[in-house]
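Welcome! Work through the exercises below with the sequence and the 3D view side by side.

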Amino acid sequence: MPVGQLLVEGLAIGACYGFFAIAVVIIYKTSEVINFSQGGMAMISAYVAFHILTVYQYPFWLAFIITMIFAILLGVLIEYCFLRPAKHPSILGLIVITLGAEMFLVGLASWKWGAEQQYFNLPFDQSVTYEPVPGMVMNNWALAVFVVAIILMTFLFVFFKYTKLGVAMRATQQNKHAAKIMGIRTERVFAFAWGLSSLLGAVAGMFFASRAVLDPTYMMEPYMRAFAGAVLGGLMSIPGVIIGGLLMGLIENFFGFVYPHWKPIIAFVVIILVLCIRPSGLFAKHYVKKV
Amino acid sequence: MKFSRRSLFVFTVLVAFMLIPFLAHAQRSLPPGFDDNEIRIGQWGPQTGPAAPWGSVARGSKLLFDLVNEEGGIHGRKIRYIMRDDMYNPAQTVAVVKELVERVGVLAFVGGVGSATGMAVKDYLAANKIVWVGPAAADDGFVFPVNPYLFAVYPLYKDEGSILTKYIVDKLNMKKIGMLYQNDSYGKDGLEGVKSRLATYRMKLVAEVPIEPTDKDLASQILILKNAGAEAVVMFVSPSHAAIALRTSATIGFKPQWVSSNTLSDYPLMFRITGGLWEGVITGAFGELPDSMHPLMVKYREAAKRLAPGERWGVFYYAGILFADPIVEALKRVGRNLSTEALVKALNSIQKYHTIGPLINWSERQHQGSDAIQIQKCGPNGSYILLQDWTANDLATWKK
Amino acid sequence: MDMKRDYYEDIALFKSNVVLFWTVVLLLFLFAFPFFVSNYYIYLFNVIMVHVILAVGLNILVGSTGQISLGHAGFFAIGAYGTAVLMTSLQVPFFLAILIAAFIAAFFGFLLGLPALRLDGPYLAIASLGFGMTLMHIIGGIEAFGGRMGMKAPLLDIGVKQFGLQWILQTDTEKYYLILIFTVFFVVVARNILKTRVGRSFVAIRDSDIAAEVIGVNLTIYKTMAFAVSAFYAGIAGGLYGFILGFFDPFTFNMLLSIIFLVMVVVGGLGTIQGSVMGAVLITYLQFDLLKNVADVPYFGALMIYISNLWFTTIGLENFSSIAIGLIMIGIIIFEPLGMFGAWIRMKKYWMTWPF
C-alpha cells in the first residue's frame, strides 16, 4: 500500500472538501440554512470563469476577479430573491428553497452552456510534480489547495473571533431577534454571509473543476462529501469543519484503495455511524434545545 | 357511528363496481406509424441530466432525416422525426415511448442511448410490433435471442475488449495489462472480453479496478493500477471519468499506455477536456474518422454546417446518423407499399451494407449487425491516426 | 364552518354530504377514466397513482411528524426489488410478496428512525440522504438483484400459483385498476391513521418533541413508527412501480427521485392528505408530460426558442423543466407555505364569503 501517496492525495482532496464545506458552514452559522444550492452556485461561477476565459480570452487573474465579483453578487441575489421573501419558513421550507435554487441553477447552466464536458484549468498545473520524499509525489494543484485552505482557515478564525462583523454574524446566529434589538442589521448580515460563502464556494468550485471536468452536475458529488465532512466536523466550528473534510478525503482514499467497489458510500456510512454516537458531529458542543 | 356505516356501504359498492373491468376489457388499436404523406420515426435520448452529453446521438439522427426530406423524402413520403428527452431514466423512457407509440403513432424507433433504458422498453416495442433500429448501446439482452423487430448496429463491448487486448499483446508487446471499468453492464462486458482474450495467452490482468458512476475522485483507483505496475490500462469508462483518470495519473507520475473503447473515440472532445493529455491514447472506433474524405462524410459534414450550425461535429453526433442510416436504406427498398412487415423484411435483407459505420449484416436469424471495429490513435491536437482497419473478433461466440 | 361538535364528527370519513358526493364523483371518474383516454395516459396515471401512495406516506413522516427524509427513493427501491425478487426466486404470490417487501422497507425505515431519535434538521437530512445512497449502492452490488445491470419485473400474477389460480395482469388498463384499488385503500388508511391516537402523537412530536414527551408520548416508539409507516408506504408504492416499468436498475432510484418526492409533498401542502395527492399529480404531470416538450407548446415554445437563440442554446432548451420545477419549489414556499392545499383553502374561503 503506497501510504505516502494516499496520504497526499487524501489530504489534498480533503482540504478541498474542507474549504468548500466552510462555505456551507458560514451560511449555516448565521442563518441556520443548509444551503443545498452551494454546489450549483459554485458551478455557475466556475462556468462564468470558463466563459470569460474562452470566449473573451481575458488573462486568468482578471477573469478570476470578475468571477469573484459575480460570485458575491450571485450569493447576495439568491439570498435577496429566494430566501428573504419567505416569511418564517421552517427548516424543511428552507431546505426546499435551496434545493429549488439548485435545480434552477443546474437547469440554467445546461441551457446556457450545454451538457457537454468542458476543460477548466487553474494556473497551478497538476502535471508539475515534485517528489520530496520517495513515494510521495506532490503537485502544484495540491500545494495550492493546502496554502489556500490554511490562509482561509486563519482568516476566518480571526474574522469570527475578533472583527465586529464576525461577532455580529455569530450573534445573529444565536438569536436573530436579540441581535436586531442590539442594533445589528441582521438582513445585511445575511446578505454578507451569502456573498462571502458564494465567493469561497466559487474558489473551491474552480479547484474541483481543474481536477475533474466542468459540466452542469460536476459539483453534486463534491458538495455531498463536503457537506458530510462539515457534519462530521460539527457544522459550527471552522477548524472542525476543515478537519472533517480532511478526514473525509483520507477515509475515502485509504478505504477506496482496498475496496474500490465501496468507495462512493464509505463516506456516508462513516457519517451515519458518527452521528449515531455524537449527534452534532465530532467537534461541536451538543446544544440541548430548551422548551 | 352513523357516518362510518354509510361510508362502508359506499365503498363496498364502489369496489364491487371497480372489479367489473377486470372481467371485460377491450383492446384499443394503436395509431398508425405512417400515412400517405409522412413516416413517423422516434428516438429517445438524454438531453438533460448526468448523461446529457450522449444526447447528441438523437440530434445527429435528426440531421440525416432532414437531409432525406430535403432530397424529397422516400417514395413520396416525408419523414417526421420526433425526439424525446428521457433523462437517462427508464421510467421516463417508458413514458416517452408509450407517448410516441400510443398518442402520436410511430413506425419505428432509431438509436436510443442506454442499456437500462432500452431494456425497459424492449419487450413493449416487440409486443406492439414497432421496429427498432440501431440501439446506441451494446447489450447482449437486445439481440440474443433474436428479437424480430430489433436490429442492432453497435459492435458488442465484449468483442471490442477482446480485439483491443489482442492489439496490445501482439502489436504493442505489453504483458502487464490493467483494467479500469465502469461498474455496470458496459464496463463488465468489456472486462469479460479482455479476460477471454487474455485467457488464450494464459495471462491475467494485473489489476481490475471498478469505477462507480458517482465517483469524482479517482486517486485511489489510479494508485491501485500504479502499484500493480500496469504498462497498459484498458478503460471502459465515461468521458468524464477518463478525463479525471488521466489528470489524476499526471499528478502522481503514472504514464501507462491508455487504451479505451469506442465510447471515448471523440478525440477533439477528449483532447480538450483532458487539456492535451489524450494524445497517444489508443481507442476502438465504429465509424469513419470525423475528418474522413469518404464522400458521404463530406456530404454530412457540409449538411451539418448548414442545417445545425450550433452542433459540434463529434463522434456521437454522427453516430446518430449511422444508427439511423440502415432504416432509410430499408425504407427505400420497401417502396411505396409500406407496412411494418415489409420494413422488417427489407431490414432482414440488408447484407454487406457499408456507409460510414461498420459493415452491417442482418438476416432472419442474426440481428447483431456488426462484429468489427477499427483501432485508432489520438495524434497531436486531437487528430486521428488509423492503426488498424476493420477487424472482427475471432473469439466471438455468438456467431457460431 | 369547520366546527366539530363531537369526536365522531371529527373522525368521519366524509365531513358532509357535499364531500361525500364529490368523492363518489371522483371515484366514478377514476373508474371510467380508462374508457375515454389513450393508453399513454393510463400509463401516466399509473405512475401518478404510485407517486400518490408514496407522497401520502412521506407526508406522514414529513408533514405530520416533522422529520426530514431525503432517502425515500431507497425504500421505494426496496419495495420494487423485494417484490420482484420474492416473486421470481421464491414464487411468493403477489399480494403476499408486496406485503413482505413493504414490511422489509418498514424495517429499514425503523432502522433509519433510530438515529433520527437523536438527530434533527440538517443532520437528519444528511443521514437520510446517505442512507438512501448506501441502500442503492448495496442493491447495485448484489448479483442476485441483477447488480447494476438491473432486473426484469416478473409477470404481474395476482392469483396464487400454489393453488392453481392464475390471473395475470398484462395491459396498463388492468394494472390501472389494481393500482387504483391500492391507492384508494392506502389513502383512506393514511387519513384514518392521522385521526387516531398514533396520528395525534405524530402531530404532537412535530409541534414540539419535548412537550410531546412531557405529556406522555413515547418518542422512541412513535418516531421510529413514523419512519416505519412512511417506509411501508414507499415499499408498497415501489412494489407496484416495478410492475409499471417492467425493468429497473439501481440508477432508476437515484437521489434526484428522493428530492422530487419531497417536492411533491411540500408543493402539495404539508400535513394534509389532499395536499400530497395534489402535489404528486401536479409534479408527476409536469415532469413526465408538460415540461417535456417545451418547444412544442404553442406560442410559448416559439418564445422559448427565440430566447434560447438570443442568450442560450436551443440544444439545452430541454433543461427548462428543471428550471421550472426549481422555481415552483421556491415560489410555493415564498407565496403559499401551505402548498396547493393552502391555496385551495384560501380560494374556498374567498368564494364562501364573497362578495365581502
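Angles under 35 degrees count as roughly parallel, over 145 as roughly antiparallel, 65 to 115 as roughly perpendicular and the rest as oblique. This is a predicted model, in which local features need pLDDT of at least 70, side-chain atom pairs count only at pLDDT 80 or more, and totals for chains, interfaces and linings use all residues. Residues are numbered from 1 along each chain as its sequence is written, with chains lettered from A and ligands numbered from 1 in written order.

**Exercise 1.** Find how α10(A) and α8(B) are oriented to each other.

Step 1: Locate α10 (residues 238–258) of chain A and α8 (residues 219–227) of chain B, whose axes come within 8 Å and cross at roughly 40°.
Step 2: The two helices, α10(A) and α8(B), are therefore oblique to each other.
Step 3: Look at who meets whom: N253(A), G256(A) and F257(A) of α10(A) touch A219(B), S220(B), Q221(B), L223(B) and I224(B) of α8(B) (in contact: C-beta atoms, placed from the backbone, within 7 Å).

**Exercise 2.** Describe the side of chain C that touches chain A.

Step 1: Chain C brings 41 residues to this contact and chain A brings 40.
Step 2: With 12 residues, α6(C) gives the largest share of chain C's side.
Step 3: That side of chain C holds 29 nonpolar, 11 polar and 1 charged residues (nonpolar: Ala, Val, Leu, Ile, Met, Phe, Trp, Tyr, Cys and Pro; charged: Asp, Glu, Lys and Arg; polar: the others, Gly among them).

**Exercise 3.** Describe the side of chain A that touches chain B.

Step 1: Here 33 residues of chain A meet 31 residues of chain B.
Step 2: Sorted by class, chain A's side has 13 nonpolar, 13 polar and 7 charged residues.

Terms used: Axes fitted to C-alpha atoms, helices over the stretch in contact; angles between N-to-C directions. Helix = DSSP H or I, 4+ residues; strand = E, 2+ residues; numbered from the N terminus. Contact = placed C-beta atoms within 7 Å.
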